[in-house]
Amino acid sequence: MKIASSNTNFNSRVRLEGFNPSKGLSRGASKFKEISWYIIKVFFFLSAIPYPTNFKIFLLRLYGAEVGKNITLKPRVNIHFPWKLKIGNNVWIGEESFLLNFEELTIGNNVCVSQRVFLCGGNHNFKDPTMPYRNGPISLRDGCWVGACCFIGPGVCIGEDTVLTVGSIVTSSVGPNLVYRKGNSDLMKVRWI
């Protein structure tokens, strides 16, 4: 199918038929474990029914997650690979958050992940025509607060006690003790003086 382009003299170099889904991604579990997790996730995590957090934590641990104490896990939280997830103590994870943890995702102690946050440990190398994976770990250090609707990309570490304001787009690491806004107008200032 030919689609009109704004520049008729340009031919696309992208060749997605050459993409190899097994290159650059270690799934970290057997096919059976992954399929069974998806079934559990659909019924107990993606549901709007507020199943008890302790029951959901039991399921996460059953699938290899390391989870601390005093966790609040709201409904409709999408966790891709629990066997690549570490959650500290006293953590809140808000409704409709998406934890796309193709690589290790570490959430420290006393961390708040607000509603609809996208922790995206997966990406593609757009400079290669076959667009292979370019994934990375994500770390949310102790005391940080990720505001609603934030995006955090692969390879990012959010420092201790840092606040990411609502809707921030974060593609590189942010130091400790900051209030950080990334978007139309950037802002960075000290949180605690």
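Guide: In this predicted model, a residue is called exposed when its relative accessible area is over 50%, buried when that area is under 20%, and partly exposed in between.

Visitor: Does methionine 188 count as buried or exposed?

Guide: Methionine 188 lies in strand S17, which covers residues 187-190, and leaving aside neighbours within four places in sequence, its contacts are Leu178, Val179 and Tyr180. The cut-off for exposure is over 50%. Because the relative accessibility of methionine 188 is 51%, this residue counts as exposed.

Visitor: How far apart in space are methionine 188 and alanine 29, C-alpha to C-alpha?

Guide: The C-alpha trace of the chain spans about 60 × 50 × 25 Å along its principal axes. Methionine 188 and alanine 29 are 159 residues apart in sequence, and their C-alpha atoms are separated in space by 39 Å.

Visitor: What is the fold made of, and what share of the residues count as buried?

Guide: The chain contains 2 helices and 17 strands. Among contacts between residues at least 6 apart in sequence, 31% join residues at least 24 apart. Of the 193 residues of the chain, the share that count as buried is 41%.

Visitor: Are helices H1 and H2 roughly parallel or antiparallel to each other?

Guide: The axes of H1 (residues 31-45) and H2 (residues 53-62) come within 12 Å and cross at roughly 170°. Angles over 145 degrees fall in one named class, and the two helices are therefore roughly antiparallel.

Visitor: Which residues of H2 are met by residues of H1, and what classes make up the contact?

Guide: From the H1 side, Trp37, Ile40, Phe44 and Phe45 take part, and they meet Phe55, Lys56, Leu59 and Leu60 in H2. By class, this contact of H1 with H2 has 7 nonpolar, no polar and 1 charged residues.

Visitor: Is glutamate 34 buried or exposed?

Guide: Glutamate 34 has its place in helix H1. Leaving aside neighbours within four places in sequence, glutamate 34 is in contact with Arg27, Phe81 and Trp83. Its relative accessible area is 7%, and a value under 20% is what the term requires, so glutamate 34 is buried.

Visitor: What is the helix content of the stretch that UniProt annotates as "transmembrane region"?

Guide: According to the UniProt record, an unreviewed entry, the annotation "transmembrane region" covers residues 35-53.

Visitor: Which residue lies 9.5 Å from isoleucine 49, C-alpha to C-alpha?

Guide: Isoleucine 49 is placed in the loop between H1 and H2 and, at 47% relative accessibility, counts as partly exposed. The residue at 9.5 Å is 25 residues away in sequence, namely lysine 74.

Visitor: Is serine 168 buried or exposed?

Guide: Serine 168 is found in the loop between strand S14 (163-164) and strand S15 (169-170). Leaving aside neighbours within four places in sequence, its contacts are Cys149, Cys150, Phe151, Tyr180, Arg181 and Lys182. The relative accessible area of serine 168 is 1%, so this residue is buried.

Visitor: Which residues touch the most other members of the largest nonpolar core?

Guide: Isoleucine 107 is one of them, and, not counting residues up to four places away in sequence, it touches Lys86, Ile87, Gly88, Val91, Ile93, Leu99 and Leu140. Of the 44 residues in this core, those touching the most other members are Ile93, Leu99, Ile107, Leu140, Ile152 and Ile158.

Terms used. Residues numbered from 1 in each chain as written. Predicted model: local features only at pLDDT ≥ 70, side-chain atom pairs only at ≥ 80, totals over all residues. Heavy atoms only, no water. Axes fitted to C-alpha atoms, helices over the stretch in contact; angles between N-to-C directions. Helix = DSSP H or I, 4+ residues; strand = E, 2+ residues; numbered from the N terminus. Parallel < 35°, antiparallel > 145°, perpendicular 65-115°, else oblique. Contact = heavy atoms within 4.5 Å. Nonpolar A, V, L, I, M, F, W, Y, C, P; charged D, E, K, R; others polar. Buried < 20%, exposed > 50% of the residue type's maximum accessible area, 1.4 Å probe, protein only. UniProt positions renumbered as here; feature names shortened; annotations may be inferred. Core = buried A, V, L, I, M, F, W, Y, C linked by side-chain atoms within 4.5 Å.
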